[in-house]
Amino acid sequence: MASESGPIGGTIVTRFAPSPTGFLHIGGARTALFNWLFARHNGGKALLRIEDTDRKRSTQEAIDAIIDGLDWLGLDFDEDPVFQTERGSRHVEVAEKLLAAGHAYKCFATPEELEEMRAAQRAAKQPLRYDGRWRHRDPSEAPLGAPFVVRLKAPDDGETTIEDQVQGKVTVRNAELDDYIILRADGTPTYMLAVVVDDHDMGVTHVIRGDDHLNNAFRQLPIYRAMDQIEGNWPDPIYAHIPLIHGSDGAKLSKRHGALGVEAYRDEMGILPEALFNYLLRLGWGHGDREEITRDEAIALFGLDHVGKSPSRFDLKKLENLNGHYIREADDARLAGLVAPRMAGEVDVGLLAQAMPVLKTRARNMDELAEGAAFLFKQRPLELTEKAANLLTDDARQLLGVISARLKAENHWTIEALEATTKAIAEELELGLGKLAQPMRAALTGTTTSPGIFDVLVLLGRDEALARLDAQAATAG
């Protein structure tokens, strides 16, 4: 970890700080990606912090899923993860320094008093905000041993301006800020304090996060500035607040739009990591009209100046189309290894890899690849789809007998030789090639969709292909 005095030698340091109360969702994955790319582009450090202070909702399963999802996307961090719960004593130490220096104070207001205050504010249609009732009172006025929280003494006049790297210049009147709690009555630190202390101690120079945290920046800056007065070397971080992701209809992203955990894209939808990496990159960041950008290109090109100010729209079809591109680019043996577990029964991975060049031309996900490859491993007698069965009329089955007899005499079981022989049969019978290919496909695959029929013959091999044709020809009336 960087020293507690802050960043070393001007190195850019970013951080991704998820709460492990659920899996790594798509918005979090994009935030992680932007932090990682900004650090890599600038030769800096990307750090990971697990904000697990919500003990009731944080789970080890979620922590494991977040780290697994980041690993799958290829986002490697430069140090071991920091766990916020392990730093409680440091957070308390900073709170006590703020208290001692007069930048924070003890508040003895009871829950009943605070509820009365909020009720009055609601009745007067005022913002619900702590009214500072203990800001200037002496703690000795409280009953002996009364419980208290520690509140930050936020600036209450003037205004604060942030030069946000995405949102531009943003100004808030300090009167809109309240004296929020930094230590609870049980002595535990709140999120708002812990985030600032951890970012400082980790040497974070750039806080890149969703724009739903923009208001938090104005509440967190007073801690930096107060500690800078007390200790020195607590510089403000540089902020970049990224617009959130919306659904294709412009509404807030939800599960119906595709707001799933990263593992769902991998396991259930069959998306490749490089496709999701590329798609997330283009959600809110752009470089001209380019859609397909490799990891190395992304590192070379990425900058906060090209992050848009408007929410991005998540488009599942666009992701699937991009995934199709990366499937076509992917190594065949790698694809076979990913597809094999999705298939029923025993699978010859070598044959699956051999089939990939023809299987992957139209597939958009791993399930489509698995579906396309299923014919290779079917057992005879083949189960026919309804459409395939309808194609195999008595005339079609008799035709299959003719085709099989001619193919048995074929010396070279290659695409070129099989195509030439089949075309010759079609010409002799004065039929279009499709009139032969359709029943052949039904007999060879049990379906009406497959790779090219001559690819199918070669991949099945002479013996199996002829046996499948003969099995259907034998049932002709």
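Leaving aside the neighbours of Glu-274 within four places in sequence, this residue is in contact with Tyr-326 and Arg-334, where contact means heavy atoms within 4.5 Å. Glu-274 has its place in helix 8 (residues 273-282), and here helices (H or I, at least four residues) and strands (E, at least two) are DSSP runs, numbered from the N terminus. Glu-274 counts as partly exposed because its relative accessibility is 22%; buried means under 20% relative accessible area, exposed means over 50%, and partly exposed lies in between (1.4 Å probe, protein chains only). Between Glu-274 and Leu-338 there are 14 Å in space, C-alpha to C-alpha, and the two are 64 residues apart in sequence.

The model is predicted, so that local features need pLDDT of at least 70 and side-chain atom pairs count only at pLDDT 80 or more, while totals for chains, interfaces and linings use all residues. Residues are numbered from 1 along each chain as its sequence is written, and side-chain values use heavy atoms, with hydrogens and water left out.

Side chains of opposite charge can pair when their charged atoms come close. A salt bridge is counted when a side-chain nitrogen of Lys or Arg is within 4 Å of a carboxyl oxygen of Asp or Glu, and by this rule the count comes to 38 salt bridges. The table lists some of them.

| Pair | Closest N to O distance |
|---|---|
| Arg-40 and Asp-78 | 3.1 Å |
| Asp-68 and Arg-266 | 2.9 Å |

In the salt bridge between Arg-40 and Asp-78, distant parts of the chain are linked, since Arg-40 is in helix 1 (residues 26-41) and Asp-78 is in the loop between helix 2 (60-73) and strand 3 (82-83), 38 residues apart. Asp-78 counts as partly exposed, with a relative accessibility of 37%.

Asp-68 forms its salt bridge with Arg-266. Asp-68 lies in helix 2 and Arg-266 in helix 7 (residues 262-267), so this pair ties together parts that are 198 residues apart in sequence. Both partners count as partly exposed, Asp-68 at 36% relative accessibility and Arg-266 at 22%.

Salt bridges that share partners join Lys-97 and Glu-231 into one network with other residues, including Arg-15, Arg-49, Glu-51 and Asp-199.

For the whole protein chain, the secondary structure comes to 19 helices and 12 strands. The radius of gyration is 32 Å, whereas a compact globule of 477 residues would have one near 23 Å; this radius is taken over C-alpha atoms, and the globule rule is 2.2 Å times the number of residues to the power 0.38. Taken along the principal axes, the C-alpha atoms fill a box of roughly 105 × 50 × 35 Å. Of the 477 residues, 49% are buried. Among contacts between residues at least 6 apart in sequence, 76% join residues at least 24 apart.
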